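Please consult the sequence and the coordinates while reading.

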Amino acid sequence: MLQCIFLISDSGEVILEKQLKGQGHRVDRSICSWFWDHYVSQGCDLSKLLPVIASPTHYLFHVFRGGIVFLGCTQVEMSPLMAIEFLCRVADILSDYLGGLNEDLMKDNFVIVYQLLDEMIDSGFPLTTEPNILRELITPPSIVSKMLSVVTGKSSNVSNTLPNATASCVPWRTTDIKYKSNEVYINLVEEIDVTISSDGNLVKCEVYGEIQVKSSLPGFPDMNMTFTNPSILNDVRFHPCIRLRQWESSQALSFVPPDGQFKLMSYRIKKLKDIPIYVKPQFSSSGGNCRMNVFAGIRNDPGRAIESVVIEFDLPPHIAVNELTCNLGTVNILVNKVCTWSIGRMPKDKSPCLSGTLVLNPGVKRLRVFPVFRIGFKIMGIALSHLQVDMLNIKNTGSSTPYKGFKAQTSAGDYQVRS
Amino acid sequence: MFQHMSMVSGADIGATSNLVMRIGTDARLYDYPEDADIGLLLDSRYDSENIEAVKRLLALISKGSDVSDFFPQVVKKLACQTLELKKLVYLYLLHYAEKRPNEALLSINCFQKDLSDPNPLIRACALRTLAGIRLHTIAPISLMALTKCAKDPSPYVRKCAAIALPKLDDLRQEENVSTLEELAGLLLSDHSPSVIGAAAAAYNSVCPHNLSLIGKNFRRLCEALPDVDEWGQIILVEILLRYTVARHGLVQESIMGSLLGSKVDHFTDNTERIQGNDGDFTTSDVCSNKSNLLFLRSYIEGSNEYFPRTNILSTNNDRLDLDSYTDSENKDIKLLLQCTSPLLWSQNSAVILAASSVHWIMASREDVKKIVKPLLFLLRSCCPSKYVVLCNIQVFSKAMPYLFAPYYEDFFVSSVDSYQIRYLKLQILSLIATDSSISYIILEFQDYIKDIDRRFAADTVAAIGLCAEKIPSVANSCLKGLLALIRDESSASHSIPHGDASILVSAIKSIKTIVGQNPSSHEKVIVQLARSLDAINYPLARVFIIWMVGEYCSIGQIIRKSMHIILKYLVRSFTSEEIETKHQIINASIKVALGADEEDMPLFKKILMYLLHLAKYDSNYDLRDRAHFMEKLLVSITNSCPEEDISCSSSNKKLSHEVNYIFSGKFHSKSYQSDRYKVYLPGSLSQIVLHAAPGYKSFPMPCSLHDLNQTQGKYSDSASVLSDDDSDTFSGSSDEKSDYSSNNSNAVSSGMFDSMDNVQNATEASQLIILDAGDDTTKIGQGASSLSTDLEELMSKTSLESWLEEQPSFSGPSSFSAQGFERQASIRISLKEIAVSVKSKVHRLFEPTDGNGLRVDFSFSAETSKISPVLVCVELSFENLSAETLTKLAIKDTDENMVTASQTYQSQESSQIKNMTVPNIFPFEEIPLLNPYQKVKKILQVQFRHHILPIKLVLLCCDKKYPVKLQPDIGYFVKPISLDLKTFKNKEVELSGVYEYTRSCIFTSHIEKLDHDDNNPVSGDKILAVCRKLASKVLSSANVFFVSVDMPVSAKVDDTSGLCLRFSGEILSTMKVCLITITTEGGYSEPLNLHVKVNCEETVFGLNLLNKMVAFLSEK
């Protein structure tokens, strides 16, 4: 079980600590400076640091989100994934409450952070992590409450009553929700992971998707959702509200939705063939120079505009001078040798091209290490996996039929082209 | 990805309208917590001002300052009605309660009131805080509150009660244990799933060994599993798995079961079936079989990771027999599998991993495939969990490569992965590669070699070697690729002088592995490499090539012919080489000379002699020494050919034989790849950090739990039996370990007796390293000693751990107290061991010369008298050394004593009468006859009037009286009293000041012992030996209880400072407690400085005892 949680800023400052054990199991703050020294000595990104570290006195788990390290400490055997998952959950909840995660937000709302941590974990064991119950126990800060506290000087964000859901067998939903609006939005959010090898072969093309639901339905609604093509789903993970028997028997999602926004399920669809964008890097080096051309364009037109296209790569080592120009968009080279080519909306009639000459360090005849191009983009209104919701039935919502909205979007996940 | 978007927007807003955002937040309080008078605010009548004050205090706490001075003021605010304030006060209170225990008691009344509040939220908060205060003084109150809340109508309160159980358990109060266990049982049988999850966590910390508690609820718990909250699921799944293993054992059809040696036919059945499914995988499946047994063993017995597992395998294969297996039709197991399979779809990655491990252990080989896809899907989650999952997949794929083989594409590396993740993926890929997938994998690898991270590229090259070794069909193409790579790299390393040569080295290493599989067919490769020596100037790379040249010098004609040129080249470059290359050149030339034809022999000999001559004048002393040594060793070969010279002495012949043997390449150094054999339960922390974390529990012995139908009243009995069993198996296994280590040392020492062997041994040791250079260690220049020290370290660690029962050494004393429970167990073990070595000192009572050849010896016995507590038991041994039979032997009190006793009886006051009514001695019955050389032992119970003055007695023998004096031993005026560490420390505090006496002395007797065992290479064992010696010395000088030992965990291995032994006893006559503490200082090889401390209420007794102890300890 966790013994202590520290929140550390990305400059190594301890923002706050939450001790979870007493009786000589208190974790001294010095562990944070040990952790920081360790991180500095590793010389890598905080996000790439080993997530489970055995320090001389404690085992440390850490999750890095939005410039904040969530550090959990323990001295005894426990499931490391449980610690990591919990820290991630803390990060999720905090960012949900505070509208983001950064050092200032944490400091400004430190009391809420304390209150939340206190509800979320007790004696090292997670107590209440269900966002809906938490939201009832501790009201998230809002403009209104802030204004109120400025004007009146007092306002309490702590509920005096225990949320009903704690006793319910569907802890994700309170029983007596009343809404004027009666609507539910289904949002298919997909990320496409593509790897193209240096000889241009498609090594990997798969879609990771989430179905995000925003429900504002009164009463105790019971929903039933089916897909036209459920067989394409390779892997699935479900929100606890989904009745698994139903899924096993008829591949239909049957559930009582939580209130507000939540992730209904996540899925993966593998071995796809169509990629929306191609990127073709060409390098030809001789005599200490290297000519570089990168062509990009639409491969399989998804039917919608491909927006905010960004191509990013690390400049290889041993390069003295580089001159890169492009016929579309802008090229930036950052201090850490990361080159970013932002194209914006991908044109249909024209092929964007980045070209230039790299002058290698004296003594280096030709380039032997080639960069990997990472591509980012976003396509609104379409799910590239072609997963389709067939039907959505809602029962128990009273007289009026609720409004049902559907949306979809695809963005690039781990989309890379090797050269 | 949603997170990501909202985060960005949050940051944007934060940047643009920072000011707006901060209005109405607590920013001001965090930034300037002290710009208001907190004390004044606390005393205010308004809740809002109080709240602000406590918020300021919390801000100060989070900045790391100590604001406990406000404690009394804050505690007063508990009585308020605002929940917000109350909760804030609770936060503050919990932070400081331990520091201010007295003031914390003031708050109890408020808690009592809140605990009966109608609002469940308030009840729950009060309970959480009350239990969280964790003070011994309020433990009874907390326990009462807990008992009440465990039956609360609100499930939320019951859940909080379940979570509060471990808090009380932390206090480690003996008297509460049974109540806590009962409560855990009650909460486990709760009908609300949310309570069950928390109760499972409580069970795990309160009574993890009481499996019968699970047995009663097993079916219900399984059925409730899907409804339990995710965190509870993680823990409950693990408990249920543990229970099924203990109750039913393992499943025959499972991976764990199929490797059973005695069930050969069953096993072949299985392989055939697998063959049918995945044609590729027969070989690896079979060979993984052995490793599976290792897995099983590590799961059940705990990983004694520092030993090559094969030894253990061969020695006690029979311990897991058929009885520990059941079949898959078992109802409980079926139910467990059925209820855990939906968890594989959970959103919580830890739940998926926990459910996967159940299937991994229990499901049949076909069904295990179920876990593959969910585990692979986890690789799409956040980076930290990805790493943990990959670590576990790596272990799984070691045992069952075919499980993951079809999904090799999931392990292709992405450029965003961190180095560790990439490395793990490479490892897994090389494990699961099959004939059908290898071509794709090699294609991928070719891309990785071009990666910007050169360390990763080097790892890829090494992985290619592994794959080629595993799948011989691709060996040739890999070889070609590697050779091209070497050409490429070696040309590049010229242009970049400080370039990274790691790729080059691992490419050559990979080639070495491939060539090693079938050397004769790769003759040309070796020649080609030798030719490229000129272009490769990185020493380590050269070392490997030269090794190969030497090793395979006579495998074919081409290499034989080119050997002249190669050797001549090497000799020419010898003086300019690095030291490790020089070593290797000499080795190679010896090998060449040994394996040469008769016609080439003279030339090679000449070259060798020249080389040795060069080496003898090298600037490096190691090389010089070695050259001298080699010359002596090779004298038979260099001077005369054994075939021709028949007069060659037999020892010379033998020597040449040995030399041939040593350099023939038949040695294969055992590489200690301990990581490969460190297997812990899937999903555990120990598996990630690769050592047993404190509190790590391997599975109970299969089928160790039999009695299921026991009644409620009985179960505490069975629990104790169970835990006894546990400790037994544990001490058993630790015995095994120490056995092993002693065997090993014996083997080493026996080798040392023969001087001839000695020389050979030494060469072997050094040669091991030389050959090792060809293997996969990169440390070349190190001498033979480095390997053995590594080994020593490993060994000593193990023995230390066996002593501490798997407590990893680094956790230090602080975690010791965390593990109080286990600690007791470890003491039990140590006591057992030490009790064996305790020899009470024997004193002479009656010399044979004084009388008729009768010798009487006496020693003090650790037994305590059953007649009266003031009596000391003395063991007398009568031995007849004469040739005549002795009769009527007895011991009586002297008349004089009788008189004084009666006198004192008259003069003393009545209060002492009770004491006085006990006579001085309780004699044993007369020995009627003692034959010549017969020995008889008797127990005499004596009451000594004084603890220094001897008592006069009369020895009767053959109707003659001999006066004897019985010298008392103060060490036996106490009897052992068993204290736990906590009570010991409390008593120690009580008996401080005037009741505390200390002296220092020098302890040397461990040195002779260490010298005696000098052949034993275990260095850390010496601390242990010191500790053991000290303990046995104390225990043989005084009749006390061995309470605990604190092991020093310092950076210096040879430093015993900090070793602290504690003993406790009770004075026989006055029943007063007497504590002895011994701490050491100094390295184990020197005389130790001991500080002996005695805490005792009786000053004179205490001082005398101290003097006695010191005298005894400093005695040689």
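This is a predicted model: local features need pLDDT of at least 70, side-chain atom pairs count only at pLDDT 80 or more; totals for chains, interfaces and linings use all residues.

Q: What makes the pair A:R418 and B:D447 a salt bridge?
A: The criterion is a side-chain nitrogen of Lys or Arg within 4 Å of a carboxyl oxygen of Asp or Glu. Between chain B and chain A the count is 13 salt bridges.

Q: Why is the salt bridge of A:R89 and B:E230 said to join two chains?
A: The closest N and O atoms of A:R89 and B:E230 are 2.7 Å apart, and the cut-off is 4 Å. A:R89 belongs to helix α2 of chain A, whereas B:E230 belongs to helix α16 (residues 230-248) of chain B, and therefore the pair joins two chains. Over all chains, the structure holds 50 salt bridges.

Q: How many residues of chain B and of chain A are in contact, and by what criterion?
A: On chain B there are 123 residues in contact with 133 residues of chain A; the criterion is heavy atoms within 4.5 Å.

Q: How many residue pairs are in polar contact across the interface, and which element of chain B contributes the largest share of its side?
A: The rule finds 37 residue pairs in polar contact between chain B and chain A, both residues being at pLDDT 80 or more. Helix α12 (residues 155-170) of chain B provides the largest share of the side that touches chain A, namely eight residues. By class, that side of chain B has 61 nonpolar, 36 polar and 26 charged residues.

Q: Why are β2 and β3 of chain A described as standing at the edges of their sheet?
A: Five strands of chain A form an open sheet in the order β2-β1-β5-β4-β3, with antiparallel pairing. β2 (14-19) and β3 (52-54) each have a single partner strand, so one side of each is left without a neighbour in the sheet. Neighbouring strands of this sheet are turned by 20° against each other on average, direction ignored.

Q: How do you know that β4 and β5 of chain A are paired?
A: Pairing requires at least two bridges. Helix α2 (residues 80-98) of chain A lies across β1, β3, β4 and β5 of chain A, at about 35° to β4(A).

Q: What are the directions of the two strands joined to β23 of chain A?
A: Strand β8 (residues 183-196) of chain A runs parallel to β23 (residues 403-418), with 13 bridges joining them. Strand β21 (residues 372-380) of chain A runs antiparallel to β23(A), with six bridges. The bridge partner of A:R374 in β23(A) is A:Q416.

Conventions:
Residues are numbered from 1 along each chain as its sequence is written. Chains are lettered from A and ligands numbered from 1 in the order in which they are written. Side-chain values use heavy atoms; hydrogens and water are left out. A polar contact is a pair of N or O atoms within 3.5 Å; within protein, one must be able to donate a hydrogen and the other to accept it, and residues adjacent in sequence count only if both atoms are side-chain atoms. Helices (H or I, at least four residues) and strands (E, at least two) are DSSP runs, numbered from the N terminus. Ala, Val, Leu, Ile, Met, Phe, Trp, Tyr, Cys and Pro count as nonpolar, Asp, Glu, Lys and Arg as charged, and the others, Gly among them, as polar. Axes are lines fitted to C-alpha atoms, for helices over the stretch in contact, and angles run from 0 to 180 degrees between N-to-C directions.
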